[in-house]
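Dear colleague,

Please find below the structure that I am handing over to you. My notes on it follow directly after.

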Amino acid sequence: MTTSETMFGRALKRREDPRLITGRGQYVDDVRLPGMQRVFFVRSPYAHAKILSIDTSAAESHPGVVKVYTAKDLPATPVPCGVTIPGIEQKVPNYPMIASERVCYAGQIVAAVVAGDLGTARDAAEKIQVEYEPLGVVVDVEQAVAEGAPLVHDEIPNNISFKWNLSGGDINAAFSEAEVVVKQRLVNQRLIPNAMEARAVVGYFNQGTGEMTLWDTNQNPHIIRLLISMLTGLPESKLRVIAPDVGGGFGSKIFLYAEQLLVTAIAQDLLVPVKWAESRSENYLSTAHGRDHVTYAEMAFKRDGKLLGLKVKTYANMGAYLSTFAPLIPTNLYGTLLSGVYDLPALDCEVYGVVTNTVPVDAYRGAGRPEASYLIERLMDLGADELGIDPAEIRRINFIKGEFPRQVVTGMTYDSGDYEGNLNKALERFDYAGWRQKQEEARKNGRYLGIGLACYIEACGIAPSKIVGTVWGGGVGLWESSTIRFHPTGKVTIYTGSHSHGQGHETTFAQLAADTLGVPYENIEIVHGDTGQVQFGMGTYGSRSLAVGGTSIVKSAEKLIEKGKRIAAHLLEANPDDIEFKSGSFSVRGSPDRSKSIGEVALAAYVPHNYPEDLEPGFEAQSFYDPTNFTFPAGTYMAVVEVDPETGNVTPLEFYCMDDCGRVLNPLIAEGQVHGGVAQGIGQALYEYAVYDENGQLLSGTMMDYAVPKASQIPSMTTDFAGVPSPSNPMGVKGIGEAGAIGSTPAIANAVMDALSSMGIRHIDLPLTPERVWKAIHGK
Amino acid sequence: MTTITVTVNGKQYTSDVEPRTLLVHYLREHLNLTGTHVGCDTSQCGACTVHMNGASVKSCTVLAVQADGAEITTIEGLAQNGQLHPLQEGFWEKHGLQCGFCTPGMIMAAADLLKQNPNPTEEEIRHGLEGNLCRCTGYENIVRAVRYAAEKMAAVPAD
């Protein structure tokens, strides 16, 4: 419903860019405060060990050192897990912010050194002597649950923190009716999120005011403030968390880590500003990793391709401790999406949350949904192959069709979608038939092209409190809030609890508000990422900003307009019920010439005289919006790859995306979100892997060893949008932040297997590196 | 401490630095030019790319003392007389950035690429920027931004 007058749907370029392209952004590591000291953390080189002693004396006497900390010098604050899944037993190991007795992963913090500059702090840190007694190590989930495996925590038998089930339909009947069953063990490998800005925290405790200020690379500063307040007793009124320009997050900056707690404690102790900024190698050893599932899956079909049932048993590697949202990821963000876009009659899903001597695993772009999508879409292709049905056709046979909203076997209620229409458009625009021909011709010339498709679905707009807080076990609701403040001159400041770390809310939220308030876009400013300015907020993850945070802005605007009607009625000497609001103007019904602009109303609201007694001065409104359902973006992604059988090298040639993210507010930004997600998904499919050796040492410990894709490794992409508006919010939006990372991995993997199918290869685990592909081709 | 004299964005500075100080830390910590970023510790990411005597370098791989006597241009010095460089304009027009963290280095590397190859193909751009990582954009719009700048610079020859 874009018109020449509305901002909704316009590909506006971003207003945050001028500062970022001229080097004037303000990231946490750019914060400079007078007298600021640097913190360096000493981390365990062992994946599992008892700490016998720590000798800091040489470090303390190192010139320039301000103070050295070990656990004995600091409060025993735990790093919390924020999720307790109802109805199951969840064993949560105690995670001290600084280890004193035992370390459970390589990278765990054992000491901190503070000095005037980082070089001095590092030099001194090298003089700290820690005596360790190494213990048995487990890094692999299947080995971890085996009889006799070393225990990561003595109180967690078999290293199983929790077991979770989700079932629906009659799974036994489904499998007894089955004519074809495909089975596969699938590894969804461990990934490192790699936001280009690593984490950093600056802390300053002002003794005069008693106020603690933290600048934190974070996606949800209010959640961080809340957790730190609860853990330390610092009242929220005296704790301000600022997440300024943040250089990407992808989930990894949602969480409360040991470092935020330690910087808070050290700043309170030293009474001077302190900064910690991690190096990339440190980031790999301390910032939450993603994925890491081993899954045994079976999919049952009728001979005609009709899907009957899905059995899934997943071992999810949680790492050494349960991070903030960790238990949600392999359970409610994974199992509940296992119906995909298909009419699945029966599901049985069993998930084991397993602790190992590795960096904790938590949400990474898509968080559970990429794992579900990869599993379903690989099995659909295996089924198609087994049944001799074209991959597009087997999907068409099984799509959910007809009326929405539709409850599926997982219990989720899909809001809206046209999965078959989406596939059909994708096949046509991508020229699937044409590519099949080209593939055949290439084969005659000895070239191995592969065509892969994946039809993903995800649950976004992560709220509704009723489900997330209670059924899922988040323990807290996930609404979003906003405040719209009109200034007397008619300029507007909007405070949002959503957070932008690349998504461009300063632009898109202003677009949205310009339409709703009828105020020029230029007159609206968006403020986010500062608990000292923004009332409260749940932050940005789960592709929730527009669907939840954006809707909150619409709701605040509605409240404001209601008040504006009463002010206008007073100014126009009319009855409030007779006032209409349109395009920024309040007018008397039937007399459009009797009107006041919203700017005039704002001024009147701040300089009131002769106001009726029941009318309060001021022009500001706040809302807390909690949707009733998730949104369910879905789409069809298609890939063409070429495999070189001599080297095993896979070259992605073409990538096509057809996304249904509902209505699109800013196509330029939506497209950019898809591009970035796809690159991360291709990274998972072909390049990226966080590898531990059997001693728990991270072998892919630097950017030299962990393959973040380069420009030359990513193909050009075509994006398309065919949205079915979501009924879950008034704008009909669904979310687009994670789609790319969810649909692209299976599309690429399916394309590679398609290229190799004539060699009898049905599956290779991710990432599809030249070595793995070559070994599969050559039967090694 | 060693004394160095460096011209950065047209302004001359004389500073005492520890010999082990990296150029990027000198720019950020001593000169407060925080537009140049540090994204890794192994010279992979290119977020710290600046120009030294007209050529792009990763300033995490150059010691400050090696820059003694050199002319350095950072992202803060790229716009001239309040006019954005065509690459800055291209990144803005084509949505070539999201979080913006890699952007200064990416723009500085692309400027050097265009100097050496004023009319690069998509493939040449992708290979030319291999030393710079971006996690947000999937590079698609970065390629478009560099093409935009190449076309703009071709239309208005530099004087």
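In which hand, left or right, does α6(A) pass α7(A)? The crossing of α6(A) past α7(A) is right-handed. Please note that this answer, like everything below, is read from a predicted model.

**Helix packing in chain A**

In general, a pair of packed helices is described by the angle between the axes and the distance between them. For helix α6 (residues 221–232) and helix α7 (residues 258–270) of chain A, the angle is about 60° and the axes are 11 Å apart. That angle makes α6(A) oblique to α7(A), because it falls in neither the parallel nor the perpendicular range. On the α6(A) side the contact is made by A:I224, A:I228, A:L231 and A:T232, and on the α7(A) side by A:Q260, A:L261 and A:T264. By class, the residues of this contact are 4 nonpolar, 3 polar and no charged.

A second pair is formed by helix α9 (residues 369–387) of chain A and α10(A), whose axes come within 9 Å and cross at roughly 110°. Angles of 65 to 115 degrees count as roughly perpendicular, and α9(A) and α10(A) are therefore described in that way. Here A:M380, A:D381, A:G383, A:A384 and A:L387 of α9(A) meet A:P391, A:I394 and A:R395 of α10(A). The contact of α9(A) with α10(A) has 5 nonpolar, 1 polar and 2 charged residues.

**Domains of chain A**

The domain assignment divides chain A into domain 1 (17–22 + 479–625) and domain 2 (425–458 + 628–780). The centres of these two domains of chain A, taken over C-alpha atoms, are separated by 41 Å. Their contact takes 13 residues from domain 1 of chain A and 14 residues from domain 2 of chain A. On the side of domain 1 of chain A that touches domain 2 of chain A, α14 (505–517) and α15 (545–572) each supply at least two residues. Of the elements on that side, α15(A) gives the most, with 5 residues. The residues of that side of domain 1 of chain A divide into 4 nonpolar, 8 polar and 1 charged.

How far apart are the end C-alpha atoms of α15(A), and what span should its 28 residues have? The end C-alpha atoms of α15(A) are 38 Å apart; at 1.5 Å a residue, the 28 residues should span 40 Å, which agrees. Just after α15(A), A:E573 takes a positive phi of about 55°.

**Backbone features of chain A**

Besides A:E573, with its positive phi, A:S583 has a positive phi, near 45°. A:S583 is found in the loop between β22 (579–582) and β23 (585–588) of chain A.

Where are cis peptide bonds to be found? A cis peptide bond joins A:F404 and A:P405, with omega about -5°. A:P405 lies in the loop between α10 (391–398) and β16 (406–407) of chain A, α10(A) being the partner of α9(A) described above. Another cis peptide bond joins A:L766 and A:P767, with omega about -10°. The loop that holds A:P767 runs between α18 (739–756) and α19 (770–777) of chain A.

**Contact between chains A and B**

How many residues does each chain give to the contact? Chain A contributes 43 residues and chain B contributes 45 residues. On the side of chain A that touches chain B, the elements giving two or more residues are α1 (17–21), α8 (280–286) and α17 (667–687) of chain A. The largest share of that side, 7 residues, comes from α17(A). By class, the side of chain A that touches chain B has 16 nonpolar, 17 polar and 10 charged residues.

**Domains of chain B**

The domain assignment of chain B gives domain 1 (2–75) and domain 2 (86–155). The centres of these domains of chain B, taken over C-alpha atoms, are 22 Å apart. In the contact, 15 residues of domain 1 of chain B meet 11 residues of domain 2 of chain B. On the domain 1 side of this contact in chain B, β3 (49–52) and β4 (55–58) each supply at least two residues, and β3(B) gives the most, with 3 residues. That side of domain 1 of chain B comprises 6 nonpolar, 9 polar and no charged residues.

With kind regards

Definitions and conventions. Residues numbered from 1 in each chain as written. Chains lettered and ligands numbered in written order. Predicted model: local features only at pLDDT ≥ 70, side-chain atom pairs only at ≥ 80, totals over all residues. Domains from an automatic or database assignment. Contact = placed C-beta atoms within 7 Å. Helix = DSSP H or I, 4+ residues; strand = E, 2+ residues; numbered from the N terminus. Nonpolar A, V, L, I, M, F, W, Y, C, P; charged D, E, K, R; others polar. Axes fitted to C-alpha atoms, helices over the stretch in contact; angles between N-to-C directions. Parallel < 35°, antiparallel > 145°, perpendicular 65-115°, else oblique. Left-handed = near helix turned anticlockwise from the far one by under 90°. Expected span 1.5 Å × (residues − 1).
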